[in-house]
Every structure is written in C-alpha cells, then in structure tokens.
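Please look over the sequence and structure before reading on.

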Amino acid sequence: MIENVTSEAEEPAKVIPNKQHFKSRKRQQKINRAISYLLLIGVSIVLLAPLFWMVFTSLKPMEEIVRFPPSFFPETLQWSNYAETIEAFPFFKYAGNTLLITFFVVLGNVVSNSFIAYGFAKISFPGKNLLFSLVLATMMIPGFVTMIPQYILFTRVGWVGTYLPLIVPSFFGSAFNIFLMRQFYLSINDELIEAAQIDGANHLFIWSRLMVPLTKPALITIGITSFNGAWNDFLGPLLYIHDEEMYTLQIGLQSFQNQSTTQWNYLMAGATLVMIPTVLLFFFAQKYFIQGMDLTGGTKG
Amino acid sequence: MAVATIKQKKKMSKKQKKDALWGLFFVSPFIIGFVIFMLGPMLFSFYGSFTNYNLTSKMDFIGFNNFRRMFNQDELFWKSLYNTGYYVLFNVPLTAIGSVLLAVLLNQQVRGMSVFRTIFYLPAILSGVAVYVLWMQMLSPTSGLVNTILAWIGVQGPAWLFDPQWTKPALILMKLWSVGGAMLLYLATLQNVPTQLYESAEIDGASAFKRFRHITLPLITPIIFYDVVTSTIGAFQIFQEAYVMTESGTNGPANSLLFYNLHMWNKAFVAFDMGYAMAMSMVLFVIVLSLTFVNLKLAPRWVHYGGGRSE
C-alpha cells in the first residue's frame, strides 16, 4: 500500500493526465462489468425461478402450498408426491407410448430430410430451384390450414386411433430440416462426389456411404430437435389418440391436470417428470440445439 | 475436333438426363408428401369450405353460406379474431424486444458467458403441457409465485387466468419466458459485428444507448424482420396454451381465451361442423398470407442489408 502511494507521488507531472484518464476508464470498465454481471444474474434468477418453483412445489405437502403467503423452499420434503404421481398418472406407461412414437418420428425425420436434401444440394435437375422455393413456401403455411382435411384423410384410411398419423408424415421431410440439411451439404466439396462417380458409384451409394457419415452433426441436430418436437407434441395425440391406454405423456398430463385441478404438488411432480428428459438432453447436447436454430446451418462448420 | 465436341455434348445431355432422374428420385418423398399432406388437403379444404360437410353423412354445395355465417352471424368468430389480434399485437413486439435485449446482454466480453447463455436458452426448449401446467400454478391467484412476489412489494396481483381482463396478459407473460430461441438468432448476428465499430464509437464519446441505436440495431434489422414474420405467423396460430390452460378448450372466462384456432377446433372436432371449420381455415390462410405480404412490403422501409455481408 505504502509503496503504491509513493510510486504515485513520484510520478512525473506530465504523465498524470494520461494516467488519470486510463484509471478512470478502467474504473468505468469495472463498473460496467459489475452492472453486466448484476443484470445477467438478475435475468438468470427470473428465468430459472419458475423451474425451481416447480420442483419445490412438487415436494411440498398440500397444506404448505395453500398457506398464505406460500413458502419458497419446502419446509418438509414430501418425496411420496412423486411415487403417487407416477402411479396415478400412470407415468411409465405413457412414457413408453411416447418413446415408441418419438423413435419412429426421429427415424423418419433423419432419414427423409437427409435423403431429400441430398437431391436439392448435390444433383442438378430441371425445375430444382422452383421446387426448392416450394419447400421454403410450405414453411409459411399455417398447420391449422391443413389439419382438418388431414384429419378427414386419416379418418378415411382408418388411421384415427392409431399412431400412424403421428409417425408417417415425418417420413416425407419437413421444410426447415430440408433447408438445414441442404446448407450442410453445400459445405461439402463436390469433387468428392465426382471422384466417387468416376469410380462407378451411383447417387444412392454416395448418399448412404459417403454423405451420411460426413453429415453426422447435422443428422444429430435434426434427430435431437425432432425428438424434442415429438416428445412435446400435444396437438397430434390430442387429435388422433382417444384410447387412454395409448395416451402419450402430453395428453396424459393434460387429463391428469383435468382430474386433479389444484393438487399442485402432484401436478408439479408430473410436470417435472415430463420435462426431465428434455432438460437432460439439452444439457448434454446444447450444441446441437443451437445448431438447429442456426439459419446458416453448417456453413460455419 | 468438331465431332468430338458434339459427342461430348451428347454424352453430357445423357448424363444430365440420368442426373435429372436421380434428382427426382431423391426429392420424390417431398413431392409425394407435399401432394398427399398439403396440396391435396388444401384443395379439399377449399372445396369443402363451400359445403356443409359434417364428416359422416352430408356434403352439399352451399355456396358462400359458411362465409356469410362467419362474418354476419357468428359473434364468436369476431371475438376469436379480436382475441387473436390482441395477442399477436402484444406478443410479437414484446418477444422481439425481449430477445434483442437478452442477446445484447449476452454479447459482452465477460467470463462465464456460456453458463448464462445456457440459462437464457433453457426455457425456450421447454414446451408442451408441462410448461402450461407449471404456469397455471405460477399464475394461481393465491398460491402462485407471481402473485407471491407481487405481494412482497405490496402489490395485490390480479386473478390472471380467472379474470377476463388478465387472461391474455397472463399468456403473453408466459410466452416472454421462452424468448431464448429468437435470442440465439440475434446473438449469432451480434457476434459477427466487428468490435472495432463499437470501440471507435466509444472513443468518439457515443453512449451505450447511442451505440445500440446506431450500430447494433441497423445491423440486426434483417433478423428482426425474419423474427417478426415467423413469429406473427406463429402467434396467429396460438392454440395449445389456450386449450390446456382453459381446461380442455372451454374458452376461458367470458370467452377471453377463445383464439381463432380454438374456435376452429371447436367447430371442427366438437361440433363436427367441418364445412364451416374449413371455411375458417381458408380465412386463416388468407389472413396469414396478407400479414406476411404486409411485412414484406414494409420491410424495405426499415430493414438494412449491410454491404459487408455477402450472404
């Protein structure tokens, strides 16, 4: 401390303004940084609060929830809420149903979008650009516009009450994923394909043996986003599944909510259980979630 | 020489023919899916909207009756349109502002940013019934967290989902929680802005607000445009939230959560008034198309496409 003071005192006069400027700027930066952290932490607390509140409420006994004012942290941990929810829900049965649907939806999305996008990215054929504009245009069509006639179609072919209406459409590609995959393919050099063609390989071989391994990151991205979509799909099952035995987690949770209107501890336990897979997937594969959002796709590598 | 080039040309066109077949083969799933699940259904809807189709027995051509009924007799149609318009009008700008602010906050050179980014993004990947049930509890008038916190600062919170005046604000508030998706788009753009731009502006004495207004904002207008177009289409289709949070589509208190798609749903799958519902879907299509068109028309007035970015 003393040394510091003396060294400052010994400083030549002409340097002082410069140093003061530097010091004040540094102090300003420190203040800015403190404000940044304060805001970042504040926003984080606001965004995380609902999730903590959900978990805490799921562990409280009902008396503690309805007490006014409610406590934030649970005073007594009632773990039995979870056991009772799992049984009443019934959680594992619906989780199994959901997983079955999700598996096929992910498979359909990964295979079809990879396949279709290869055609758009690597093969030239007349009308390609027009057709690709059509792909992009379908993104602008509201789902509700096609929902009713699709339902009528599935009624006619007798698929209502089965998982087929939820699964089959995913095998025909979706605009956003075709776009994403195409971007990724465009970053792969054409010479590779030309070389393989000279060796006598056809496009089917090139796609399945060369392109699929090369585009793995994009395939994982599509797999993960479509897992998330299928796992959280509510509208599809609500429309097509009416047998309670076949319920998915989403409609299961909704009917559970209808039954136990304000039994918040059970409802929050149910909500937590349904969210866990998504949250885990997010923490382990955040990179792919972010890539799934990125419009420029794989162009940045 | 001449013969050789002609031969070459012929060979090329043969290859082109082969390629065309391969190309069509690869994109055929899209074409088939488009015809079966989009074009076909939309044409059917178009025809169906002029009929009294009820899924089981009748499908008579009734001209513009469905549309006349919709515009002249169905008060709930106008109510649903008002509710949806209200929601879109607040949801779209608020989420855009929210996501820009969060992106600006994340675009700083401080340590631990990836942790904050994860936290900011997390709510956006959560969706579905679990989120709605969670927010029903958050917004519960007596035991919910929102009103508990309001009570701490001495404010008596509203009854949210039970008060017709507050049901839509409740949903808008809930939706603000998950702005992280659009935030990532903005963040990706912000991170491409050269830092020298900010540094030189700072040296020139531009305040943080001025730097945002004159450097950041113009650079992200293309993303704001994309965000506004897609989220207008998305917001216009609000359904699940209202369906779950009004306990199986009972429209909320005083029909305050009867959104357009919920009304269409009730007509189609509760009343089985399919012809009418298909007429509603055609009107929805026209509305969404016109909103997109208006957005595209307005874009040149405020969207800056910088010269530096080639893409």
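How close do the axes of helix 15 of chain A and helix 5 of chain B come, and at roughly what angle do they cross?

## Helix 15 of chain A against helix 5 of chain B

In this predicted model, the two axes come within 9 Å and cross at roughly 150 degrees. The crossing of helix 15 of chain A with helix 5 of chain B is left-handed. From helix 15 of chain A, the residues that take part are A:Trp264, A:Leu267, A:Met268, A:Ala271, A:Val274 and A:Met275. They meet B:Ala130, B:Val133, B:Leu134 and B:Gln137 of helix 5 of chain B. By class, the residues of this helix contact are 9 nonpolar, 1 polar and no charged.

An α-helix has 3.6 residues a turn, so residues three or four places apart point the same way.

The buried residues are B:Val129, B:Ala130, B:Val131, B:Tyr132, B:Val133, B:Leu134, B:Trp135, B:Met136, B:Gln137 and B:Met138.

## The nonpolar core

Which residues have the most contacts inside the largest nonpolar core? That core has 144 residues, and the residues in question are A:Ala271, B:Ala130, B:Val133, B:Met183, B:Tyr186 and B:Phe259. Helix 5 of chain A (residues 91–122) gives the core its largest share, 12 residues.

A:Ala271 belongs both to this list and to the contact between helix 15 of chain A and helix 5 of chain B. Not counting residues up to four places away in sequence, A:Ala271 touches A:Met54 and A:Leu253 in chain A, and B:Ala130, B:Val133 and B:Leu134 in chain B.

## The interface between the chains

Across the whole interface, 76 residues of chain A are in contact with 68 residues of chain B. On the chain A side, at least two residues each are supplied by helix 2 (16–58), helix 3 (62–66), helix 5, helix 6 (128–138), helix 7 (143–156), helix 14 (249–259), helix 15 (264–284) and helix 16 (286–293). Helix 2 of chain A contributes the largest share of that side, 14 residues. By class, the side of chain A that touches chain B has 51 nonpolar, 22 polar and 3 charged residues.

A:Met140 lies in the loop between helix 6 and helix 7 of chain A. Leaving aside its neighbours within four places in sequence, A:Met140 is in contact with B:Ile233 and B:Thr292. Is A:Met140 buried or partly exposed? A:Met140 counts as partly exposed because it has 14 C-beta neighbours inside 10 Å, and 20 or more would be needed for a buried residue. From A:Met140 to A:Ile35 the separation is 105 residues in sequence and 41 Å in space, C-alpha to C-alpha.

## Chain A and its domains

Chain A has 16 helices and 0 strands. Of its 301 residues, 40% count as buried. Among contacts in chain A with a separation of 6 or more, 77% are between residues 24 or more positions apart.

The domain assignment of chain A gives domain 1 (2–58) and domain 2 (84–300). Their contact takes 4 residues from domain 1 and 6 residues from domain 2. The side of domain 1 that touches domain 2 has 2 nonpolar, 2 polar and no charged residues.

## Chain B domains

Chain B is divided into domain 1 (1–48) and domain 2 (69–302). The centres of these two domains of chain B, taken over C-alpha atoms, are separated by 40 Å.

## Local backbone features

Where is A:Pro90 in chain A? A:Pro90 lies in the loop between helix 4 (80–88) and helix 5 of chain A. The peptide bond leading from A:Phe89 to A:Pro90 is cis, with omega near -20 degrees.

In chain B, B:Asn255 is not a glycine but has a positive phi of about 55 degrees. B:Asn255 is placed in the loop between helix 11 (240–245) and helix 12 (260–270) of chain B. B:Asn255 counts as partly exposed, because it has 19 C-beta neighbours inside 10 Å.

B:Phe272, also not a glycine, has a positive phi of about 55 degrees. The loop that holds B:Phe272 runs between helix 12 and helix 13 (274–302) of chain B. With 14 C-beta neighbours inside 10 Å, B:Phe272 counts as partly exposed.

Technical notes:
Residues are numbered from 1 along each chain as its sequence is written. Chains are lettered from A and ligands numbered from 1 in the order in which they are written. This is a predicted model: local features need pLDDT of at least 70, side-chain atom pairs count only at pLDDT 80 or more; totals for chains, interfaces and linings use all residues. A nonpolar core is a set of buried Ala, Val, Leu, Ile, Met, Phe, Trp, Tyr and Cys residues joined through C-beta atoms within 7 Å. A residue is buried if 20 or more other C-beta atoms lie within 10 Å of its own, exposed if 12 or fewer, and partly exposed in between; C-beta atoms are placed from the backbone. Helices (H or I, at least four residues) and strands (E, at least two) are DSSP runs, numbered from the N terminus. Two residues are in contact if their C-beta atoms, placed from the backbone, lie within 7 Å. Ala, Val, Leu, Ile, Met, Phe, Trp, Tyr, Cys and Pro count as nonpolar, Asp, Glu, Lys and Arg as charged, and the others, Gly among them, as polar. Domain bounds come from an automatic or database domain assignment. Axes are lines fitted to C-alpha atoms, for helices over the stretch in contact, and angles run from 0 to 180 degrees between N-to-C directions. A crossing is left-handed if the near helix is turned anticlockwise from the far one by less than a right angle, and right-handed if clockwise.
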